[in-house]
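Take a look at the model below. This briefing then walks through its strands, helices and a few single residues.

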Amino acid sequence: MNVKLRVLSAGALFFIGSMAYAQTTKKDTNNVKVDKEAVIDEVVLVGYTPKKKGDITTAVATIKSSEINNVPVGNFVQNLGGRLAGVDIMVGSGQPGTGGNIIIRGVGSINGGTTPLYVVDGVPLNSTAFAALNPNDFEEITVLKDAASKSMYGAAAGAGVVVIKTKSGKSGFQVQYTGQAGISQKSKYKYQLMDADQWLSWNNSWGNFTDQDVADYKARGVNTDWTKSFLRTGFSMTNDIAISGGANNTNYYFSLGQFSQDGIAQASSLDRYTLNARINSGNGTNFRFGTQTNLSFNRLKGIVGEAGVFINNPFFALNTAPVLAPYNDNGTFATGTGLFGEPNYGARALEQALTGERGRNQIKIITSAFGEYDINSNFTARVMGGIDHTQNNTTNYSNPNTYYGSTTTPGQSGALSRAIASASTITTNARLSYKNTWNDVHNFSAFVLGEYVGRFRENFGYTGYGLDKALGATPVGITVAQNILPALSGGSTRFTTLAVLGSLSYNYDSKYYIDANIRRDASSQFAMGQKSGTFGGASVAWAISKEDFLSDTKVNNLKLRASWGITGSYGDPTTVNPYNDSQYYNYGGLYGTTRSLAVGAPLNPSYRWEMENQINIGLDYGLFNDRIWGSIDVYDRQTKNLYVDYSLSATSGFTTITNYNSGKMSNKGVEVDLHGDIVKNSDLTVSLFANFSYNKNRILDLGQVSQFESGTSIIRVGEAYGSHFIVGWGGVDPQTGNPIYQDLNGNPTQVYDATNNKTGWGTSFAPYSGGFGLDLKYKGFFLNSQFQWKSGYSRFNNQRFFQENPDFWYLNQNVSQLDIWTTPGQITDVQRAGTKVEFTSKFIEDASFLRFKNVRLGYDFKKSFLTGAGIKGISIFADINNVYTWTKWTGFDPDDDNNIAQYEYPTPRIITIGTTLTF
């Protein structure tokens, strides 16, 4: 995708919007009263404290409830893609309930954490459990991007902070119900597999089948489209009811939610049930308290091997030869082989999907309470406590009566796995705040805070083999014999953090601003002498629009910002405890476990935080009474003490120390955010928005070495993280049909040599990304649309390696393989029969895309129409998610969370209709 076109489209959007505004502004001025302070007086939750938007001096981005409510996806993270500048959502799976990885301002770690810290109503969350949260309960999501804003959270904030505020009640009484129903469908893919006749012809041309073989297959008359066996149209339904209100210093919000969604793959689904309760109260003068509880239960049914080249992964099994059928004539699964020994992976995977079980029942509790007391007009004391608890009960069952059950080792009779895992985070803090104003122009506030965070993880599980075929998925069917013993697993980790934070804010006449904070963290997970770290940041701002020389212009908001800060991040806490508490052994066919501790890894005495240093310069702007507004930011983010592997002499008993603090990485970028109310009068409102992000990533240091390979990519000093590393493809020799490769200098050669692996094929992380859309209201009708795009990145399409490879003649192939070289002088990219297909840059594809991500069309009935019906409002709407994607990518989905496509569960298209009733 042409990056220049993307940049120009954002500029064109601004130009068109400005022209449209110029043409309508005179007539609109008489119809619309615009509050100049409406936008900048908006309150945003930034870290531990709320701030007016006009007083913010750091780089933050906010999404309101109207943008995240009632979107038909099982995980709210998927809905953030393309909405915020500098915030990249990498969706790893389209299976219901799975989410995506949020990358804020580029990847800042190699082996450490790249997932941001999530905080819901002051409680840090286990970030793997977002399918349990109901986004219809969210009031706003704020992303802290620069180090000055993140540094309030110190050691846990290096990858960014996502602050989620849930809804609370307002004055009066209101009941609101929202219901949605719809379907999920397979999106359109670019590649096309062969039908039976094409597949037989191709195998015949390669010499795999004789003419008689082809005739024998054709006589059977089988031409299976495996997508019809594995994929389906799924049904989804959402029901939410919320009761809210407030009076006499008390407000409340209660909600019940139900969400169910079938996946497009057979046997995959998500069912979620949520309850949210929030109460705030006080004496109306100097004391306030509140409590919030979010309870959730969700049941996820997943497919086996949903991501990877596994023969029981249904999306890999789509490659099964079309001459094979899913069922025998008697209705049983055709799990045997074809006429010439080709395995029927499709029937085997289908049997596993429909008769096995892979599921998770999850219970999640987020609860918190606070008390706040105004000591006097200047000082306020506040205490808060919260718990985030997640428990997962998982089951994996391979039916002993199936093909895979008969091949399971040991026992050759299926397997049953069950596990219980719990993750709890306990947070408490106490804060003393001070605020004062002198002479109506000197505005000062500050607070000190002490905080405790404890994280506790426990798990236990077993896998039993040799199941009794008559007893099903029950533990009593497990065989316990000398050579068929169940496998046990389990463990626990716990670590705590104590922190002290100080913060101050000052502004002169809401014109000149300065903010600063400093935090000291001490964590139990790090090595002795390395447990404490100091973090902090400072920011300044100048509200230029408050100056007299701009008083008579159309610039109503212009603020220049600058910030600097230091934050941290951490990796695997088990690094500091390198012992295994149980060792499995097999001596002469006798199985058992030892009772002794064994050293599993060398102690890392220098294990400590990764450290980030970031500088940010930004400009917020608002023109024509905030009819056009947005921001521009430039940043330089440097991360040092990166976790890398450190080589040891083998005489030590080990070869490496993991998570050794030695590397350094850089991310530099630009972000642009633009919003415009192009037309705004009593009948018609047309609003446009767009954002653009550019991030340049470079690895600066790797300690002992200058590079190390990671699959088909390389981590090398001077290169971007995620750089592809592979032998270059030079095409097919027209005279011989032989494949042509490239040496390190780019010269053609017909000899494949892995020592010629090189970079130059791009990176799997998009340097350019953004989104844009339109919101339109005409009388009662409304239309909301959103587009997302990424550009300048590439991925290795491992799907093509299997679908364009004669080594896998027994699998179906891409129709492009029908262009196989056969005649001297023929121009083709498909090498001749008898040559080997290698891993080369041929399979690296441009993954840039433009996605029509969401569109919603609806109608709000006028209040006059509802008079006397006891209803305050009715809204009806239709929504399409993942409408269409324009891309050169030929795999399932260009937007993924790794550098190599491996038959991951593709993102579906979801179509729903719904209604909202307000009483």
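Strand S30 (residues 684–701) and strand S37 (residues 768–778) pair in the antiparallel sense over 11 bridges. Two strands pair if DSSP finds at least two bridges between them. This is a predicted model, in which local features need pLDDT of at least 70 and side-chain atom pairs count only at pLDDT 80 or more, while totals for chains, interfaces and linings use all residues. Residues are numbered from 1 along each chain as its sequence is written, and side-chain values use heavy atoms, with hydrogens and water left out. Helices (H or I, at least four residues) and strands (E, at least two) are DSSP runs, numbered from the N terminus.

**Strands around S37**

- Ser-769 stands opposite Lys-790 in S38.
- S37 and S38 form a hairpin, with two residues between them.
- Lys-779 sits in the turn and has a positive phi of about 55°.

**A three-strand sheet**

- Three strands make an open sheet in the order S34-S35-S36, with antiparallel pairing.
- Strand S34 (729–732) and strand S36 (748–749) are at the edges, each with a single partner strand, so one side of each has no neighbour in the sheet.
- Strand S35 (residues 739–742) pairs with S36 in the antiparallel sense over two bridges.
- Tyr-741 stands opposite Thr-749 in S36.

**Helices H4 and H5**

- The axes of helix H4 (residues 196–206) and helix H5 (residues 211–220) come within 10 Å and cross at roughly 165°.
- Axes are lines fitted to C-alpha atoms, for helices over the stretch in contact, and angles run from 0 to 180 degrees between N-to-C directions.
- H4 and H5 are therefore roughly antiparallel (angles under 35 degrees count as roughly parallel, over 145 as roughly antiparallel, 65 to 115 as roughly perpendicular and the rest as oblique).
- Asp-197, Leu-200 and Asn-204 in H4 meet Asp-211, Val-214, Tyr-217 and Lys-218 in H5; contact means heavy atoms within 4.5 Å.
- By class, this contact of H4 with H5 has three nonpolar, one polar and three charged residues (Ala, Val, Leu, Ile, Met, Phe, Trp, Tyr, Cys and Pro count as nonpolar, Asp, Glu, Lys and Arg as charged, and the others, Gly among them, as polar).

**Helix H8 and its cover**

- Helix H8 (residues 345–355) is mostly covered, with nine of its 11 residues buried.
- Buried means under 20% relative accessible area, exposed over 50%, and partly exposed in between (1.4 Å probe, protein chains only).
- Among the buried residues of H8 are Tyr-345, Arg-348, Leu-350 and Glu-351.
- The cover over the buried residues of H8 includes helix H6 (227–230), helix H7 (314–317), strand S16 (379–398) and helix H9 (403–407).

**Two single residues**

- Asn-814 is in the loop between helix H10 (798–803) and strand S40 (844–846).
- Asn-814 is buried, with a relative accessible area of 9%.
- Not counting residues up to four places away in sequence, Asn-814 touches Tyr-191, Gln-192, Leu-193, Met-194, Gln-803 and Glu-804.
- Leu-432 lies in strand S17 (residues 415–438).
- Leu-432 is partly exposed, with a relative accessible area of 37%.
- Leu-432 and Phe-447 are 15 residues apart in sequence and 5.4 Å apart in space, C-alpha to C-alpha.
- Leaving aside neighbours within four places in sequence, the contacts of Leu-432 include Ile-375, Phe-379, Ala-446 and Phe-447.
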